[in-house]
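Please open the model in your viewer and keep the selection panel at hand.

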Amino acid sequence: MRIGLIAMSGVRLHNHELIELGVTLPQFVSRGKVIASLPSLGLLTVAALTPPDVEVSYIEVDTRPEDDALEAFDLVGISSFTAQIEEAYELAGRYREMGVPVVLGGLHVSLMPDEAAQHADSIVCNGAEGAWPRLVEDFRRGRLQPRYDGRRDRVFEEPYYAMPRFDLLRGRPYNRLTVQTSRGCPLNCEFCAASLRITSSFQQKSVEKAVAEIRAATETTDNSFLELADDNTFINKKWGKQFLKAIAPLGLRWFTETDISLADDEELLDLLADSGCRQVLIGLESPSAGALTGLDPHDWKRRRVEHYLESIERIQARGISVNGCFIVGLDDHTPEIFEEVRDFVRQSHLLEVQITVPTPFPGTPLYHRLHREGRLLEERFWSRCTLFDVNFHPKNMSVQDLEAGVRWLFKETYNEREFNRRKRHYIEIMKKNRFRGTGSEALADVVAPQLEEAMQC
Amino acid sequence: MNIDAAAFVRHPNEPAVRALLAELAQTDPADIGLDDDAEEVLAIDSLSRLALVAAIEERFDVRFPDEKLSELRTMRHVLDALDEARLEIAA
């Protein structure tokens with residue numbers, strides 16, 4: 001039996017003016033290229049949960065494939081985020097017309113099961129753990145069920161856990177690989193459409209499992225840059241320190257997402273710098289407290305905002321760059337927010353910046369609230385769930401004001417001059433730290449002759 | 001090897017720049033070509049490219065203009081930029 005596992009990949013954007021800006025502004029393009037080149041960890045996990053006597057192919061689809069490019073598998077599994085789901089449905093339809101049964105899965109499917117079920121022979125909700133092996137067995141016996149629900153808990157424990165099939169990536173030109181150490185995040189921000197929506201609580205792999213996966217992933221490539229597919233890696237600081245000590249000897253360069261409380265723990269920061277972590281992405285959302293009220297159930301981010309600047313400085317002073325994420329157009333925001341964010345970025349010297357608009361991904365609390373309030377622009381807008389396309393009526397500005405403000409902020413933040421200014425700040429930090437935290441501490445030795453010359457003068 | 005490339009190989013700063021690139025690319029210095037793009041060919045990520053700039057500035061006691069930072073993508077770019085920086089210091 002042959003199963004094709006298909007990941008809908010690529011960055012999607014529909015705002016033509018932003019697209020035009022994107023091709024000329026350096027930083028947005030560089031981040032987009034990175035996201036577009038990550039393999040689908042979900043499908044690699046599905047492959048691992050497939051019985052060994054079944055042949056599995058892992059395929060990524062960025063653009064609509066021609067008819068003759070569609071292989072006649074016995075079964076196809078397609079995973080997609082919301083922005084590509086309509087394309088996934090179309091592809092599913094084409095396979096089904098060929099007589100190939102299709103299973104759909106992924107976050108969007110889990111949150112919109114009734115919709116997805118119309119386009120597939122079967123759907124898998126939540127993760128594949130606890131579901132995919134049953135599905136394959138049922139398929140073999142000719143009794144594929146319309147829906148399978150994977151586990152929402154204990155996904156990293158036996159008998160449900162399986163190490164993703166990183167070997168399927170061998171020989172492919174990824175510029176970074178991905179491993180997941182945790183699912184979920186207790187902050188539960190209303191806009192979040194990540195793994196917390198398919199898990200019952202924050203779950204994290206043992207350090208041993210996480211390290212074993214990192215070893216397996218990095219063995220498939222000569223380029224060992226790693227991106228952890230976590231929503232929030234350092235919720236558990238004790239686990240985090242054990243993890244960092246364990247990976248320090250591996251010589252990695254890596255990236256992850258976490259929250260600003262990372263800056264509170266000096267020991268954790270030191271270990272992070274020495275582990276090869278190059279960048280952390282942190283959801284700052286807004287530089288003003290008002291907009292953060294109610295964003296998460298405990299107002300956690302609102303209570304942190306007055307410490308944002310010093311926290312960013314503390315992290316970056318270790319040589320670990322921060323990618324600060326902002327959402328403009330939150331309910332408390334007025335048109336002044338665009339200058340406020342621009343000024344905050346300048347003041348904070350964030351090396352990288354991500355600017356998005358509130359995106360009501362289906363199934364999120366944000367989606368349900370905006371739907372209740374009658375503020376969604378359309379009933380179905382999945383292909384526009386790109387983080388950059390506006391899909392709702394903002395509270396204190398028009399849609400056009402928000403779109404224009406985002407364009408302005410993109411130009412102000414992502415232009416070469418501003419990017420170079422942020423780069424310059426980071427370069428000076430690296431010199432001051434003798435390259436600690438850069439993942440290239442040996443540079444200090446290569447640079448050493450200059451120091452010797454200076455001492456001889 | 002063309003004349004330009006040969007000239008660069010005899011460039012006095014070439015061994016040090018090559019050593020820095022090799023350290024970041026985790027490769028044999030002899031495998032680095034004059035026009036190999038740091039990111040596309042040598043797989044030096046964007047943050048490591050900043051480390052490269054920092055290291056070169058430290059090693060040669062120069063400071064590149066900020067508008068040059070995005071242009072330093074190959075050994076040739078770096079050697080050219082060093083020559084320009086040194087000329088400015090001498091002037």
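**The interface of chains A and B**

Begin by displaying both chains: about 2,300 Å² is buried between chain B and chain A, and carbon and sulfur atoms account for 58% of it. Please bear in mind that this is a predicted model.

Next, select Leu47(B), Glu58(B) and Arg59(B). These residues supply 27% of the area that chain B buries against chain A, more than any other three residues. In terms of contacts, 25 residues of chain B meet 28 residues of chain A.

Now turn to the charged pairs. Seven salt bridges are counted between chain B and chain A. Select Glu57(B) together with Lys431(A): they form a salt bridge, with the closest N and O atoms 2.6 Å apart.

Colour α2 (14–25) and α3 (46–60) of chain B, since each supplies at least two residues of the side that touches chain A. The largest share, 11 residues, comes from α3(B). By type, the residues on this side of chain B comprise 13 nonpolar, two polar and 10 charged.

**A site within chain A**

Move to Glu190(A), which lies in the loop between β8 (182–183) and β9 (203–204) of chain A. Is Glu190(A) buried or exposed? Its relative accessibility is 14%, so Glu190(A) counts as buried, the cut-off being under 20%.

Show the surroundings of Glu190(A): beyond residues up to four places away in sequence, it touches Arg197(A), Leu295(A), Thr364(A), Pro365(A), Leu366(A) and Arg369(A). Finally, select His368(A), which is 178 residues from Glu190(A) in sequence but 9.6 Å away in space, C-alpha to C-alpha.

Methods:
Residues numbered from 1 in each chain as written. Chains lettered and ligands numbered in written order. Predicted model: local features only at pLDDT ≥ 70, side-chain atom pairs only at ≥ 80, totals over all residues. Heavy atoms only, no water. Contact = heavy atoms within 4.5 Å. Buried area = accessible area lost by both parts, 1.4 Å probe. Salt bridge = Lys/Arg side-chain N within 4 Å of Asp/Glu carboxyl O. Helix = DSSP H or I, 4+ residues; strand = E, 2+ residues; numbered from the N terminus. Nonpolar A, V, L, I, M, F, W, Y, C, P; charged D, E, K, R; others polar. Buried < 20%, exposed > 50% of the residue type's maximum accessible area, 1.4 Å probe, protein only.
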